[in-house]
Structure formats: structure tokens, C-alpha cells
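Keep the sequence and the structure in view while working.

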Amino acid sequence: MHRSSDRSKLFSRRAAVLGGGKLVLLSALAGRMYYLQVVEAPRFKTMAEENRISIRLLPPPRGNIVDRFGEELAVNETNYRVLITAEDTNGKPKETLDTLGQVIEISEKEKKKILKEIKRKRSFVPVTVRENLTWEEVAQIEVNTPDLPGSEIDEGQTRHYPKGHYSAHVLGYVAAVSERDAKDDPLLELPGFRIGKSGIEKLHDLKLRGTGGTSQVEVNALGRVIQEVERQDGEPGAEVMLTLDAGLQQMVSERLGEEAAAAVIMDVHTGDILSMVSSPTYDPNAFNRGLSQKEWQDLINNPRGPLTNKAIAGQYAPGSTFKMVVALAALEKGVVTPTQEIYCGGHMDLGNARFHCWKRGGHGPMNMVEAHMHSCDIYFYEIAKRTGINRIHDMARRLGIGDVTGLDLPGERTGLMPSRDWKLATLGAPWQGGETLITGIGQGYVLTTPLQLAVMTSRLVSNKKVVPHLTRKITTADGVVIPVRTEFESLGLSPAHLKLVQDGMNAVTNVVGGTAYRSRIKEKEFAMAGKTGTAQVRRITKAERDSRVRKNSELPWELRDHALFVGFAPYHNPRYAASVVVEHGGSGSKVAAPIVRDLLLEAQRRESARGEPIVVPAATKKNGKEA
């Protein structure tokens, strides 16, 4: 009996221990369940929602680019593309692709690339086959849909340039994001997203992009979209208004034709670029749709350089268009007076070197206005020698030669304005007297861009440090306008000196015997003043001079002189400045001057037709007087 009682007590203690343990475990389990289901419920609900709801970024519409009158230069257009979803092809994506290739053109190389992309992605993810489909191609695909399982037409947006090649070098183009371009912006990770690669598209890319939107979509465990739950559109990109006149831009482009040339027209008071053309050009729409290998090779192998914006990146010896700079430097130093004559006998000697005038036999005695009118080299050799290279350098830099102008466009080059210090630091040799002489007629080391020549002319006319610009204003999606500065400080040049140089330019075009008299504007209210320039690209030997210097027409194209002309109009109340450089065009008076005449005449006629007043910014004041 005693043993039975002990066993009963032992069993009771074990049962109590086990029961207590179970109770503890059940209490812990209940506590954990309470913690997970009540305390942590909000967090798990959020996690569940995140698994069910996928947030996707939506690309915003890229902002438009328009001209000064609101005419569209870069816009967005509907882009139709055909997609293939592998799981809907009955397991035969290659057959669908082959059949699709009978409806629209798809090369074998493209097919291999598409099939590789299909294998890389999950079966329910669509893969792009072709973009930028024409409406006829869309219709053909839709008609053949029963024979194209897994294919569908998708609608998106693409960049379009209504004026095509007329403004290609200014606008630039957009293209897909490269690894080098990819940064922190999540928009750049979107398939097919495009960014500005050159021109205005590149300069204002961040403003043109806008802000991305979001789309909340419900997905299943495999990530397949079930339905869109919520959508929030992004903010469209800003509208960029340029200073360009689209109609004038087209006229200038057509006037230059297929010449290797560049032209710039600008407002001498505000710095507005009304037209900037580099020729030959290209169609930016081709970059958007994708260039073929042949198209790309044709562009890069063209000796006339269609991909280079010659207006800001072409560097040329300015020739005689530089003579106004030398004249102003000489007048400011006081080494020559307005009426002082210098005799031109056809050549001058410096040491054992002989420097020739372009006119064999010479011009005879020349004052400053006559020297501009006849473009006498000897006159400018002499005053350059008296002035010195450093003073010529300083005047050139004040007028915008030898440095970037500050234009709001990527890719501008500096040109070159030599000095004694520059040559010693760059070439390790001292400056020579003969180099001053050839610099005096815009040859030698000096290099300018067509834009710099237009800026130089504007500053000669306005006596202000005019800075050119292409952006007139930027309007964001919420209506905020970002203005552009158009007031400039005075250059401090003598008005009398400027008037003398302007009179010389007037004689070039409007006095019988002037080098561009045949290219004058006959309507007096539109009359222009200007300066011809012909820049050599080859050395003329002594033997050739002694016999006969060959004409440009007798030389291969690449050995012919560059033709240049700068001008402003109307002469009595200047509004526009223009410059033209025609590579290997020959004579500036015969080739470049007629082009500038046509350009300035068209610019003034367009202004007259619109009845636009001439807006002259308030002059910089000093002590109550005009600076």
C-alpha cells in the first residue's frame, strides 16, 4: 500500500510538471500569436500589400522646343511599336517572329537579338520587336493578328523634329541612355527612355525631362500584372522657347545648300540668335528612329563634315574681316589718324621678307576708310606693325575673338588670338615682326568661329559686350518663366573710332569700287555695311607669284581659299549682324557677300512685315552720361 501511494504521488508530480510545461508553452504560443496577429498586424499588412501591389515609374512627356513665335521645333509624337509575349505564342516565339517578318521587315540579325531577349526575360514580359511603325505597318499587323499569336501593338511617344534638318545642329537629338549617362535619376532606368545627346536637347535636358509619375498595379505571385489600382501622372517637361526664327532658319539653310559653310544672324542689341546654320546638315529624326550602318558611314565619311556645327566649332582664319580689329587697336593707340594716308605699292619689305598686297601693283595712297573699302593689305600691314601684336590681341579679345562667347549651346570652341606670351608658352619661341604683319590681315595663327565674327560685328555696332544666346525663355509646367539676360556692359570704345570703322564697312558695300559693291542692298532703308574676307589655306610660293598665281577655280576644292563676309543692317539704324564662312568657297566678295546680303535683306523684310519695333536696351550709365 505504501508503494502504491508513493507511485501515485510521483505520477501526480510528473503530471503537474508536464501540465505546467504545456501551460507555459501554450501561454508562449498564445502570446506569440497575439503579438503577430495584433501587435505586428499593421506591419504584416503593409508587407502583404507590397507583395500584392507593385509601384511602377511612368515616364513624363518631354517638353516641347519652339521658336521665338511659338512654332514647334521639337515635339512628341505617337510611337507605335510591335511587341511579342512569349507565353502567348503557344511556346513557339520563333514561328511568330518568322511570320511577323513576312508582314514587316525584320533582318536575321534583329531576329537573333529579339530571341535572345525573349530567353533572358520571363515568359509573360513583352519584348519590343520594332518601333516607329508606320500606320500602314500597324494596319498590316492588325489584319494578320490571327496568324501572329503573342504579338500586340503598343502605343508610346517618340521625339519628332518637324523642321527636320533645318535646325539639327542647334536642337541636337535624343537617344537611349548609355551606361555613362546613367546616374541617380530612376527615370534613366526605364526601358526606351531617351535623353538629350547634343544641342539644346542636351543643354536643357533636365528641364525638358519633367518629373516621372507612378502607377500602382496589382500583381500575382509570379509578378504578372492583374490590374491597375491607382495612377498618378508626372509633371511634363518645361517648354523651351528659342530666339530662332524658324522661317529665317529655313531660308538660310536653303540658301547655303550643300556648301560646307556656316552662317549666323543675331540682334546687335539683345544678343538673340535669329538663325544659326551649319551646312551640310543631317536629319535628327534619323537618330531617333535609329541609323543604319550605311547612313552612319555616309555621315562620318563626308569630307564636308555634316555632323560638325561649323558655326561654333569650325575654326578659320578670319582674313580681311579681322581688319576692323586692327584699325580700332591702331586708333586707340594713336599710331594713325583717320585721314592719314599710307602708300600701297603692292608689297612691303620687313628684313629679308617681302609681304604682298592682294592687288598686284598696289592701291596707291590709302586712308582708313579707303583701306577698308579696297581691303588694302599694305595699309593694315603697316598699322599692325606700328600697333604691335599685344595691343591687337587685347582689342580682339574685347571684341570676342579668341575665347568662347558664352553662347548657351554645348560644343563651342575658343578659336585663337595669339600674343607674345602665348607663342613663348605654347611654341617655346619668341614672336617675330613678320607674324604681326600677317596677323594684321587675319592670317597666321589667328583663328575665329563664324559665331565670334558675328559677335565681333555686333560689338562694333553697339559698343557693348554683347553675349549671344539661343534660349529666350523657359516655361515650366506650373507656368513659371525663367527669363534670359539681355543687358550688357559698355566696351568703352571711342564712338568716333567706331563710326570711322563703320564708315569703312559702308564704303565696302555702298561706294563704287568697294570690294562688295556688287552685293549691296539697293533698298536704302535696308542698306547693309560689311567687310569681305578671303583666307588662304595654302602657301603661295615665290615661283608662283613670279609667274601667275593660280585662280581658285583652277585648284582642287580642298586647296581653295575660304570665303568670308561680315555685315550689319540697316546701316542708318543697325539691328542685325551676320557672318558667313564658306569653306573653300574662293572669293569672299563673290561667294560670301551675296549670301549675307540675302540673309540680312530677308531678316529685315520679315521684321518689316511683322511691324516689330527695334528694342534697344537701356545704355549703361556712368555719372548720368551714356558710357
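**Exercise 1.** Are H3 and H4 roughly parallel or roughly antiparallel to each other?

Before starting, note that this is a predicted model, in which local features need pLDDT of at least 70 and side-chain atom pairs count only at pLDDT 80 or more, while totals for chains, interfaces and linings use all residues. Residues are numbered from 1 along each chain as its sequence is written, and side-chain values use heavy atoms, with hydrogens and water left out.

Solution. 
- Step 1. Find the elements: helices (H or I, at least four residues) and strands (E, at least two) are DSSP runs, numbered from the N terminus. H3 covers residues 93–103 and H4 residues 108–120.
- Step 2. Take the angle. Axes are lines fitted to C-alpha atoms, for helices over the stretch in contact, and angles run from 0 to 180 degrees between N-to-C directions. The axes of H3 and H4 cross at roughly 150° and come within 11 Å.
- Step 3. Apply the classes: under 35 degrees is roughly parallel, over 145 roughly antiparallel, 65 to 115 roughly perpendicular, and the rest oblique. H3 and H4 are therefore roughly antiparallel.
- Step 4. List the contact (heavy atoms within 4.5 Å). Pro93, Lys94, Leu97 and Asp98 of H3 make it with Lys111, Ile114, Leu115 and Ile118 of H4.
- Step 5. Sort these residues. Ala, Val, Leu, Ile, Met, Phe, Trp, Tyr, Cys and Pro count as nonpolar, Asp, Glu, Lys and Arg as charged, and the others, Gly among them, as polar. The contact of H3 with H4 has five nonpolar, no polar and three charged residues.

**Exercise 2.** Describe how H9 packs against H22.

Solution. 
- Step 1. H9 (residues 246–256) and H22 (residues 588–610) have axes 11 Å apart, at an angle of about 160°. That makes the two helices roughly antiparallel.
- Step 2. From H9, the residues in contact are Gly247, Leu248, Met251, Val252, Arg255 and Leu256; H22 supplies Pro594, Ile595, Asp598, Leu599, Glu602, Ala603 and Arg606.
- Step 3. By class, the contact of H9 with H22 has eight nonpolar, one polar and four charged residues.

**Exercise 3.** What is the order of the strands in the open sheet of five strands?

Solution. 
- Step 1. Two strands pair if DSSP finds at least two bridges between them. E21 is joined by seven bridges to E11 (residues 261–267) and by seven bridges to E20 (residues 562–569).
- Step 2. Check individual partners. Alanine 263 has valine 580 of E21 as its bridge partner, and alanine 569 has tyrosine 576.
- Step 3. Write the order: E12-E11-E21-E20-E19, with antiparallel pairing. E12 (273–279) and E19 (529–535) stand at the edges, each with a single partner strand, so one side of each has no neighbour in the sheet.

**Exercise 4.** Why is E21 largely enclosed by the rest of the structure?

Solution. 
- Step 1. Buried means under 20% relative accessible area, exposed over 50%, and partly exposed in between (1.4 Å probe, protein chains only).
- Step 2. Seven of the seven residues of E21 (residues 576–582) are buried, so the strand is largely enclosed.
- Step 3. Check each face. Tyr576, Ala578, Val580 and Val582 are buried on one side, and Ala577, Ser579 and Val581 are buried on the other.
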